[in-house]
Amino acid sequence: MISTGFSTDGSAVFRGPMYPGKGKTMLARRLPGILPTLSFDESLETTMIYSVAGSLAGRSLITERPFRAPHHTVSVAGLVGGGPMVRPGEISLAHNGVLFLDELLEFGRHALEALRQPLEEREISVVRARRTVTFPADFMLVSALNPCPCGHYGNPLRTCTCSQLAINSYRAKLSGPLLDRIDMHVEVPAISYRELAGSEAGETSETVRARVETARATQLKRAGRCNARLGSREARAFAALDSDGHRIMERAVERLALSARSIERVRKLARTIADLDGSPDVRGPHLAEALQYRFLDREVTS
Ligand SMILES: [Zn+2]
C-alpha cells in the first residue's frame, strides 16, 4: 500500500481497528525510511530549527528525516510554535520529515484548525508582542484514527460496543476542510499477530526508497517540483485524463460528492501512482487507485 501510493510529500490518514502492536503507528514510523535521503540543504535547515528549539541533544547535524508524534493533549503553541520564548512547535520540528498525529479526533479543534494554514503555506508565522517570527513547516502530515469510539468496529477478532449514533457523531468530528487537505485515506485491516509474524518478508525500505527517488526525479524533471505542489493548471496539464479517465472521475464525483479541492488531489495522486508505475500517461487504473484513497469524503458528507 505504502509502496504504491506515496511520493515524497503529501499527507495521509490511516484508519483501522485497535489491536496489539498498533499497526497504524507502526506504518507511520516506517515512512521516513522510504522517503528520499535528506539533502545537505535540508539537513542544515532542520538542524537550524532544532538548534533554535534547543532540541539538538548533542547532535551537530541532523541527517535523518524527523519523525514527530505529539500527544493529542499538546497545546496550540506546542504544536505550531509560540509561547513566551517563541519557540518552534512540533510542525517545525517535523520540517522535511513526518508529523504523525495518532488518534486524530482526540486533538483539540483549535489545534487542528491551526494546522490548516501551514499545510497550505509550508511555514508558520507566530505573532508575539508585536513581533512576528516565521518558522519553516514543510512536513508530511500522517494521522491515524479508530473506526469508532471503542476502536473495534470492523475488527473480526473483537466486538464493537458502540451504538450507530455514537459512531455517526464520532465520524462527524472529522471536518471537511481538514480532510480536503489530506491526500490519502488508508484503511488498515485488523490482522492477528500470527498473520503479522507469518507474513513473508516484503521489500526492504531501501528498495522502496529507490523507487520513490526515481519517481521524484521524474516529477522534478517534468515540472520542477513534486506532484503535490502542482498548481491547478499544471495538475490539469500534467495529469491529463483520457476519455476513460473522465468517465471514471465523473462517476466518482457523483458517488463520493468530492469537493473541487479533493478532485485536484485525486488528479495529482493519480499522477504520482503513474510515475511510480513508470507510465508517462495517467491511465484508468492509476485514477481508480487514487480514488480508493478518498473513502472518508463520502462518510463525512453523507
Ligand atoms: Zn465501537
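The legends below describe close-up views of a predicted model.

**View 1**
Strands of a sheet pair through backbone hydrogen bonds, either parallel or antiparallel. Phe67 has Val98 of strand 5 as its bridge partner.

Strand 8 covers residues 140–145 and is mostly covered, with 6 of its 6 residues buried. Met140, Val142 and Ala144 point one way from the strand, whereas Leu141, Ser143 and Leu145 point the other way. Both sets are buried. In a regular strand the side chains alternate between the two faces of the sheet. Strand 8 pairs with strand 1 (residues 11–15) over 5 bridges in the parallel sense.

**View 1. The contact between domain 1 and domain 2.**
The domain assignment of the protein chain gives domain 1 as residues 2–198 and domain 2 as residues 205–301. Taken over C-alpha atoms, the centres of the two domains are separated by 22 Å. On the side of domain 1, 23 residues are in contact with 26 residues of domain 2. Helix 1 (2–5), helix 8 (176–179) and strand 9 are the elements that give two or more residues to the side of domain 1 that touches domain 2. The residues of that side divide into 9 nonpolar, 9 polar and 5 charged.

Asp183 is placed in the loop between helix 8 and strand 9. Asp183 is buried, because 25 other C-beta atoms lie within 10 Å and the cut-off for a buried residue is 20 or more. Apart from neighbours within four places in sequence, the residues in contact with Asp183 are Gly10, Ser11, Ala12, Ala228, Arg265 and Leu269. Val282 is 99 residues from Asp183 in sequence, and their C-alpha atoms are 17 Å apart in space.

Helix 10 runs over residues 205–223 and has 19 residues. From its first C-alpha to its last, the helix reaches 27 Å, close to the 27 Å expected at 1.5 Å a residue. Val208, Val212, Ala215, Arg216 and Gln219 are buried. Seen down the axis of helix 10, the buried residues fall within an arc of 105°, so they line one face of the helix. Glu206, Thr207, Ala217, Leu220 and Lys221, on the other side of helix 10, are exposed. Gly224 follows helix 10 and has a positive phi, near 80°.

**View 2. Met249 in helix 12.**
Met249 lies in helix 12, which covers residues 243–256. Met249 counts as buried because it has 21 C-beta neighbours inside 10 Å, against a cut-off of 20 or more. Leaving out residues up to four places away in sequence, Met249 touches Leu241 and Leu287. Met249 and Leu291 are 42 residues apart in sequence, with 8.4 Å between their C-alpha atoms.

**View 3. Two residues other than glycine with positive phi.**
Most residues other than glycine have a negative phi, and most peptide bonds are trans. Asn96 is not a glycine, yet its phi is positive, about 70°. Asn96 sits in the loop between helix 5 (90–93) and strand 5. Asn96 is buried, with 23 other C-beta atoms within 10 Å. Ala257, also a residue other than glycine, has a positive phi near 50°. Ala257 is found in the loop between helix 12 and helix 13 (260–276). With 13 C-beta neighbours inside 10 Å, Ala257 counts as partly exposed.

Definitions and conventions
Residues are numbered from 1 along each chain as its sequence is written. Two strands pair if DSSP finds at least two bridges between them. Helices (H or I, at least four residues) and strands (E, at least two) are DSSP runs, numbered from the N terminus. Domain bounds come from an automatic or database domain assignment. Two residues are in contact if their C-beta atoms, placed from the backbone, lie within 7 Å. Ala, Val, Leu, Ile, Met, Phe, Trp, Tyr, Cys and Pro count as nonpolar, Asp, Glu, Lys and Arg as charged, and the others, Gly among them, as polar. The expected span of a helix is 1.5 Å times one less than its number of residues. A residue is buried if 20 or more other C-beta atoms lie within 10 Å of its own, exposed if 12 or fewer, and partly exposed in between; C-beta atoms are placed from the backbone. The arc is that of the directions from the helix axis to the C-beta atoms.
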